Amino acid sequence: MSDARTQILGRAREALGADELDVPVPREYRVTGDLAPGSDDVVDLLVDRLVDYRATVHHATTPTVAETVAALIADARTVVVPTGLDVAWRADWVPEVLEDSREEPLDVATLDAAGAVVTAARVACADTGTILLDGEPDQGRRAITLVPDVHVCVLRADQVVHLLPEAIRMLAPHPARPITWISGPSATSDIELSRVEGVHGPRTLHVVIVR
Amino acid sequence: MSTFLGLPRHRSSTPEEGPLGPVPHADDPLRWGDPFPVAARRALDDAQMRRNLGHATSTIRDKRASVVGEVPDWEALRDTGSAVKGDVMARLPELLAQLEENVTARGGTVHWARDADEANAIVTRIARERAVDEIVKVKSMATQEIGLNEALAEAGIAAVETDLAELIVQLSEDMPSHILVPAIHRNREEIRRLFLARMEGAPDDLGDAPRELAEAARVHLRRKFLSARMAVSGANFGVADSGTLTVVESEGNGRMCLTLPETLVTVMGIEKVVPTFTDLEVFGQLLPRSSTGERMNPYTSLWTGVTPGDGPQDFHLILLDNGRTRALADDVGRAALHCIRCSACLNVCPVYERVGGHAYGSVYPGPIGAVLTPLLTGAGTEDAPHGDANASLPYASTLCGACFDACPVKIDIPSLLVHLRARDVDSRRERTVPTGWDGAMKAASWVMSDGARLGRAEKGTAALRVLAGRKGYVGTLPPPMSAWTASRDLPAPPRQSFRDWWADEHDGNDGDGAAEENA
């Protein structure tokens, strides 16, 4: 349809005419927050936001990640993990562990039957309570954090930044990665604008913060 | 029916009966039903709709105000958002070419559609080539605007809306009445009745709690998500410098559609392009707070062409004009293309809150719809049908300015409304038969252009004081002035005109001293 392309671009050029002006873009907004990445204050802010979204927050230290996660998934029959997940986090889990990767993906029915999924994250924004995944091997394909009904996301405290621009600028070097921003469990406000958590995405979001 | 001065009305259609009563029937998603003045009058009789809307809009206004209030640099973000969009319009051809190049480089296919028919034909062809007879859809204004579902249905392809509110609208064969929450005019009890009547697998004992209704929709749609082979979405932003597309949503239905099917087709209005990936740090703050009144919406998906092994391996982007270059050609009106479809202007509008979205006769209702719809369809220009009902939309406002204050990208909607009113009046100047409005304006112009005439006219208003009596206002005037008082009262004229007062205060001086006193 190069014809339509030529015509649309031609119409746009004609519409703009001679006034192809240079529009200056001011950027006076905050790009760095007051709270240092990984500080207690920034983690507290993130926790406040996550709780507001009805996510469940758990605290762990590096040696206790495995047991903290194990307790959260104990009722599941199978649990999905991306192949790049830290093996130390997987010690002593009760459910059967199913590994997923782009090369060897699980089918949708298997994901649907899984009791939970456990992943890492790329970065988290405290101000908005947002966890950002970029599909690298420790976070996996987008489908695995979507289809299972419980998502356990393990986040290191030093991955928590204050403001959204700080988080976006960490992703910016690799914009083409498949990226998902998650702010709490799935929700809808479509009925009388009253918020209900738990629609199509995971109805339970556990965030394990590791310090 | 009363006369509305100078407003055209040539939009006809008959409401159709749905499971929840009459619903509008739209042949053209940008031009359906009666013109605004007629449709608004009828909508005002619907007390249930007005209660539903009043409740919903006041809830969202409070939420928005509280999350916007906690952002200290909100005005700086608005300034940047506004300027980025101005920059986009100024460089639109260049940015679209860059977006196309980057999407193509990452394994996507880019199509261009001049109008709705062309876009619908492309989606239909893609579905047919893959032997797909059912697609899942992410809520999208662009596909509403082109009537995609109806076009696919004619080709024997079922389009399943997966956003809860869109599903409600689709099941009730209704039209959307709000940009963000298209079923905002329905309450929980109406939705319960609808699901029981029209949704496969709805439990017989379904209650009307939003939680139960959402759960019923989850169960209904889950099978479709897990088996769908093709999805259609819109896009909130298309990033030129990376080729990244973005969908902002809440329920996870968007992620399902964007991730699980083999084929994904995204229909994006050409104005949705943004220059750089980091611009998302601005719009990612402006949009959710303005839209749902949340600090962030639950899910935002970003994808760039095709990622081997993750998500759809067959990706198509349709860049849609459908009147956008026409709007761009209006150097004032083009600011309406800055809109990021947050719907904050609807929620604060005193007119929208009372008449609801259907009265606007377009999938884009409310203040932004009142400017965007006429600009896209060319109402009030020689391109539009004579007496185009969309030409009445710029009058659907009190010009109170609440929409401008709420707009995250600072679109000066009141000024655009005034601009389009002027355009409408100009387009009708050459008419052979003048209306009462034209006559009244001519007479007023004649009186006001001469001091002596104005003085005599002022003396004539004494009769109105008699008519007004002790009430202090005139409720009805005889024709032709009844056209004015049909929908408003006329305040009683003051006892004394300014000229008389001036003469009294200055011993008969006729006012020439004013300039000196003020100097």
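Predicted model: local features only at pLDDT ≥ 70, side-chain atom pairs only at ≥ 80, totals over all residues.

Me: How many salt bridges does the rule find across the interface of chain A and chain B?

Reply: It finds 15 between chain A and chain B. For polar contacts, there are 38 residue pairs across that interface, counting pairs with both residues at pLDDT 80 or more.

Me: OK, which element gives the largest share of chain A's side?

Reply: That's α1(A), with 11 residues. Other elements giving two or more residues include α2 (40–52), α5 (164–171) and β9 (179–182) of chain A.

Me: And how do the residues on that side divide into nonpolar, polar and charged?

Reply: On the side of chain A that touches chain B, you get 37 nonpolar, 14 polar and 24 charged.

Me: Switching to strands: what does β9(A) pair with in chain B?

Reply: With β11(B), residues 299–304. The two run antiparallel and pair over four bridges.

Me: Which residue stands opposite I179(A) there?

Reply: L302(B), which sits in β11(B).

Me: Last thing, the overall size. How many residues are in contact, and how much area do the chains bury?

Reply: 75 residues of chain A contact 94 residues of chain B. Between them the two chains bury about 7400 Å², with 58% of that on carbon and sulfur atoms.

Notes
Residues numbered from 1 in each chain as written. Chains lettered and ligands numbered in written order. Heavy atoms only, no water. Contact = heavy atoms within 4.5 Å. Buried area = accessible area lost by both parts, 1.4 Å probe. Salt bridge = Lys/Arg side-chain N within 4 Å of Asp/Glu carboxyl O. Polar contact = N/O pair within 3.5 Å; in protein donor to acceptor, adjacent residues only side chain to side chain. Nonpolar A, V, L, I, M, F, W, Y, C, P; charged D, E, K, R; others polar. Pairing = 2+ DSSP bridges.
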